[in-house]
Amino acid sequence: MKDQIFVTRSSMPRLDEYIDEIKDIWDSHWMTNMGTKHQKLQQQLISYLGVPYIDLFTNGHMALELSLQALGFHKGEVITTPFTFASTTHAIVRNGLTPVFCDIDPLTYTIDSSRIESLITDRTVAIVPVHVYGNICDIGEIERIAKKYGLKIIYDAAHAFGETYKGKGIGSFGDVSCFSFHATKVFNTIEGGASAYKDYDFGTKLYRLKNFGIRDSETVDGVGANAKMNEFCAAMGICNLKNIDEEIKKRKTVAERYRMHLENIEGIRLNIIQKDIKSNYAYFPVVFDEKIFGRSRNEVMDKLEESDIFTRKYFYPLTNTFACFHGRFDATDTPIALKLSKRVLTLPIYADLELESVDKICEIILKCKI
Ligand SMILES: *Cc1c(COP(=O)(O)O)cnc(C)c1O
């Protein structure tokens with residue numbers, strides 16, 4: 001067990017720091033329903049993320065699902081990508097909306113903005129692009145299109161915590177940006193998520209939807225869910241936020257070590273480094289071209305597992321191939337995403353991953369090369 005390396009390892013504060021932070025919960029007996037920890041974390045995140053407003057949720061998925069609901073769409077089409085976690089597509093479908101899958105850009109793996117306009121119909125209501133791996137979407141072009149056709153933009157920013165584009169917080173773009181604070185993400189509240197937004201009235205609707213649609217003690221005017229972040233999770237967030245800059249810095253060192261070994265190896269493509277972006281080094285995806293490298297992604301994955309190193313095929317399979325959709329979608333409509341999903345492997349990356357472990361991982365990978 002000790003020597004196993006997983007794709008990620010959850011960040012945790014020192015135990016005494018966490019105990020200090022939760023002590024007053026024992027005084028107040030206020031464990032959930034937007035207590036002082038919730039409010040404190042909310043304020044801290046507005047400032048850290050550089051966003052106008054933010055609301056906190058029990059997880060990133062509910063932030064996304066309820067944000068779509070709060071926009072008031074009950075039917076229509078939403079343009080999105082299949083190269084993402086199940087959550088993105090499910091949030092759309094669970095709102096009774098129809099996902100329309102756009103292919104991805106072969107370099108950033110985010111939505112190919114040049115293909116969006118051809119997918120717009122009179123039923124299109126929104127665009128849900130994903131900042132995959134923390135790679136930032138083509139924000140300017142997506143904004144131009146949304147404006148031209150009167151569409152809303154809801155970014156799935158689950159991978160983009162703390163990133164900036166041209167110095168501005170990534171959550172300040174589009175109408176809404178949804179973050180995930182799941183234990184496996186760059187910043188965690190154990191489970192948790194947030195929705196950053198610009199429109200105050202939208203925020204009021206969203207706030208009610210995370211509390212059953214309750215307006216006041218005698219009025220319930222929304223079919224809401226229960227998605228409130230509790231005080232213990234918020235306290236974890238307050239503690240983890242103190243260490244976040246240090247953690248991201250350490251991730252950067254890990255990413256640079258990988259690059260040192262794997263850059264310019266034939267048959268391997270590393271993630272691009274984007275201009276004007278402050279990265280959070282959330283993931284380290286590597287794309288294997290079997291014809292050139294000599295081994296497939298799956299073979300490399302198996303080889304690493306023999307040494308107790310557990311990578312993940314983020315994102316395979318594509319969401320438009322999921323069994324739950326019963327063949328409703330056709331993955332050959334998104335050929336670039338389909339090809340990538342068969343070739344990509346995300347390698348272990350987290351703040352405390354030792355550089356010697358990175359060396360070992362790279363050595364095993366390079367030994368696979370034929
Ligand atoms: C993690 C993730 C989510 C959902 O977040 P949870 O906090 O786990 O509910 C949504 N979208 C993407 C792309 C994710 O990686």
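Mentor: Buried here means under 20% relative accessible area. Keep in mind that this is a predicted model.

Trainee: Fine. How many aromatic pairs does the structure hold?

Mentor: The count is 24 aromatic pairs. One of them joins F83 and F315 edge-to-face, with 5.7 Å centre to centre and 90° between the planes.

Trainee: Where do F83 and F315 lie?

Mentor: F83 is in the loop between β2 (77-80) and α4 (86-93), and F315 is in the loop between α10 (297-306) and α11 (335-343), so the pair ties together parts that are 232 residues apart in sequence.

Trainee: Are F83 and F315 buried or exposed?

Mentor: Both F83 and F315 are buried. F315 has a relative accessible area of 7%, under the 20% limit, and therefore counts as buried.

Trainee: What about Y133 and F315, stacked or edge-to-face?

Mentor: Y133 and F315 are stacked, at 6.3 Å centre to centre with 20° between the planes. This pair also links distant parts of the chain: Y133 sits in the loop between β4 (124-128) and α6 (139-149), 182 residues from F315. Y133 is buried too, with a relative accessible area of 3%.

Trainee: Which residues do ring pairs link into a cluster?

Mentor: The cluster consists of F83, Y109, Y133, Y283, Y314 and F315, linked by ring pairs.

Trainee: Changing topic, to charges over rings. Which ring does the charged end of K210 sit over?

Mentor: The ring of F57, with the charged end of K210 5.4 Å from its centre.

Trainee: And what lies over the face of F85?

Mentor: K185, at 6.0 Å from the ring centre.

How values were computed. Residues are numbered from 1 along each chain as its sequence is written. This is a predicted model: local features need pLDDT of at least 70, side-chain atom pairs count only at pLDDT 80 or more; totals for chains, interfaces and linings use all residues. Side-chain values use heavy atoms; hydrogens and water are left out. Rings of Phe, Tyr and Trp (its six-membered ring) pair if their centres lie within 6.5 Å; planes under 30 degrees apart count as stacked, over 60 as edge-to-face and the rest as tilted. Helices (H or I, at least four residues) and strands (E, at least two) are DSSP runs, numbered from the N terminus. Buried means under 20% relative accessible area, exposed over 50%, partly exposed in between (1.4 Å probe, protein chains only). A charge sits over a ring if NZ of Lys or CZ of Arg is within 6 Å of the ring centre and within 35 degrees of the ring normal.
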